[in-house]
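Please read the following note beside the sequence and the coordinates. It is arranged as numbered points, so that each can be checked separately.

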Amino acid sequence: GIASMPTDHLEIDIEHGFGDFQLSIAQSIPLDGITAIFGPSGSGKTTLLRLITGFLRPDRGRLAHGADVLCDTVSGAFVPAHRRSIGYMFQDGRLFPHLSVERNLLYADRRSGSTQTAFSKADIIDAFELSPLLPRLPISLSGGERQRVALARTLLSRPRLLLLDEPLSALDRGRRADILSLIGDLPGRFCMPVLYVSHDVGEVIQLASNTIILSAGRVKASGPTVPVLNEHGVAKGDSGIEPGVILTGTVTSHDEAYHLIRIAIGDGVISLPTANAMATGTDIRLRIEARNVAISRHKPEQISIRNILPAIFKGATVEDNQPLALIEMEIDGQCLRAQVTREALDELALTAGERVFALVKTASLEV
Ligand SMILES: Nc1ncnc2c1ncn2[C@@H]1O[C@H](COP(=O)(O)OP(=O)(O)OP(=O)(O)O)[C@@H](O)[C@H]1O
């Protein structure tokens with residue numbers, strides 16, 4: 001059946017300049033699940049998407065989607081945007097303002113002319129809970145509702161690939177979570193591979209199985225999300241990249257009296273404040289910035305820090321003329337980093353392989 005279909009690839013070998021900015025990308029992207037395109041503002045994320053959709057012609061290069069050559073500046077081949085099987089959702093949704101929600105959806109469904117049957121219009125209306133909205137005009141919808149309709153409409157044009165460019169940027173926190181979980185379901189539920197542009201590392205961690213990091217128009221790193229982000233630093237919000245790691249643990253219990261959930265990571269337990277209960281047994285990813293982790297040779301007692309994890313000291317990176325050092329530890333086969341002063345590192349005089357305790361500030365943790 002459909003499950004054995006081979007993964008398409010997007011083969012990109014493209015150069016494009018705007019004044020001082022030069023995009024130069026040679027990358028083969030497997031279209032499997034959700035791939036995040038992550039990078040600071042101005043790194044070229046939107047430009048890359050516009051080249052893939054065909055809204056922008058590159059100065060030089062070639063682009064292929066599976067067996068289809070979409071653009072080749074040597075042969076002169078160029079498939080215009082509306083003939084590419086690529087769905088693109090704008091940051092602001094962009095529905096037809098004079099058509100009801102139902103007619104917006106019908107328009108996409110009819111135009112698709114596709115025989116692809118992974119889902120029907122009714123499936124989408126159901127999954128996106130759009131029934132009550134069908135008679136309404138876009139102007140009467142809330143931001144979150146509009147974004148849900150826009151996502152549904154893009155899916156109904158039945159693309160082979162969906163591009164999302166910061167689809168949550170116009171939404172508040174509560175609505176973000178709803179749309180985020182809908183997007184997370186797209187590959188499994190609707191067999192729809194997604195390229196997802198974001199500069200929010202939290203979204204990337206939650207959604208993306210693979211991540212491409214762009215920096216100044218080039219690919220700085222690419223591969224499975226967790227190792228790529230561990231290697232290249234994790235950032236909070238869009239405050240830039242800083243050292244840290246993503247640890248995966250398992251929810252073991254929920255302390256209702258203290259409003260904490262307990263997460264097992266190897267022999268250690270992390271307690272985490274949480275608003276919503278999470279089912280026991282769920283695997284979750286925690287982002288832990290190195291500056292919120294300290295290290296001790298002995299297990300500290302009578303201390304406010306609750307999260308004390310046994311770990312193995314692996315080594316430390318010290319840069320010339322810098323006051324801080326980055327310590328690397330191992331917990332249950334996973335890497336944890338701590339940022340400490342060089343002075344502290346020298347005083348501790350640790351040797352590789354030694355047992356230590358990592359102290360993690362609870363309030364700094366985010367699921
Ligand atoms: N049409 C254009 N004309 C001139 N310069 C452009 C154009 N489009 C993009 N640029 C420039 O190209 C660079 C990359 O822009 P791009 O929008 O791709 O970045 P981005 O990573 O998507 O940023 P953000 O996260 O802020 O959306 C920027 O310096 C931008 O000013």
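The points below go from the model as a whole to its domains, its ligand shell and some single residues.

1. Basis of the note. This is a predicted model, in which local features need pLDDT of at least 70, side-chain atom pairs count only at pLDDT 80 or more, and totals for chains, interfaces and linings use all residues. Residues are numbered from 1 along each chain as its sequence is written.

2. Confidence. The mean pLDDT (the predictor's confidence in each residue, from 0 to 100) is 86 for the protein, and 91% of its residues reach 70 or more. The model scores are ipTM 0.95 and pTM 0.74. Some caution is in order for residues 235-240, where pLDDT stays under 50; the model has nine contacts for this stretch beyond four places in sequence, a contact being a pair of residues whose C-beta atoms, placed from the backbone, lie within 7 Å.

3. Overall fold. The protein has eight helices and 20 strands, taken as DSSP runs numbered from the N terminus (H or I and at least four residues for helices, E and at least two for strands). Its C-alpha trace spans about 70 × 55 × 40 Å along the principal axes. Of the 367 residues, 34% count as buried, where buried stands for 20 or more other C-beta atoms within 10 Å of the residue's own, exposed for 12 or fewer, and partly exposed for values in between, with C-beta atoms placed from the backbone. Among contacts with a separation of 6 or more, 65% come from residues 24 or more positions apart.

4. Domains. The domain assignment gives domain 1 (2-235) and domain 2 (245-364), with bounds that come from an automatic or database assignment. Taken over C-alpha atoms, the centres of the two domains are separated by 35 Å, and seven residues of domain 1 are in contact with six residues of domain 2. On the side of domain 1 that touches domain 2, helix H6 (201-207) and helix H7 (225-232) are the elements that give two or more residues. That side consists of five nonpolar, two polar and no charged residues; here Ala, Val, Leu, Ile, Met, Phe, Trp, Tyr, Cys and Pro count as nonpolar, Asp, Glu, Lys and Arg as charged, and the others, Gly among them, as polar.

5. Helix H7. Thr225, Val226, Val228 and Leu229 are the buried residues of H7, and they cover an arc of only 165° around the axis, which puts them on the same side of the helix; the arc is that of the directions from the helix axis to the C-beta atoms. The cover over these buried residues includes strand S3 (34-38), H6, strand S10 (210-215), strand S11 (218-224) and strand S12 (244-255).

6. Ligand shell. Which residues surround the ligand? They are Phe18, Phe21, Gly39, Ser41, Gly42, Ser43, Gly44, Lys45, Thr46, Thr47 and His199, where a residue is near a molecule if its C-beta atom, placed from the backbone, lies within 6 Å of it. The shell divides into two nonpolar, eight polar and one charged residue, and helix H1 (residues 45-53) gives the most to it, with three residues.

7. Helix H1. Lys45, Thr47, Leu48, Leu51 and Ile52 are buried in H1, and they line one face of the helix, because they fall within an arc of 165° when seen down its axis. Just after H1, Gly54 takes a positive phi of about 95°.

8. Phe128. This residue is found in the loop between helix H3 (121-127) and helix H4 (143-156), and Phe128 counts as buried because it has 20 C-beta neighbours inside 10 Å. Leaving aside neighbours within four places in sequence, Phe128 is in contact with Arg148, Leu151, Ala152 and Leu182; Leu182 is 54 residues away in sequence and 7.6 Å away in space, C-alpha to C-alpha.

9. Backbone angles to check. Most residues other than glycine have a negative phi. Glu166, which is not a glycine, has a positive phi of about 40°; Glu166 lies in the loop between strand S8 (161-165) and helix H5 (173-190) and is partly exposed, with 17 other C-beta atoms within 10 Å. Gln302, also not a glycine, has a positive phi of about 50°; Gln302 lies in the loop between strand S16 (293-296) and strand S17 (307-318) and is exposed, with 4 other C-beta atoms within 10 Å.

Key
Two residues are in contact if their C-beta atoms, placed from the backbone, lie within 7 Å.
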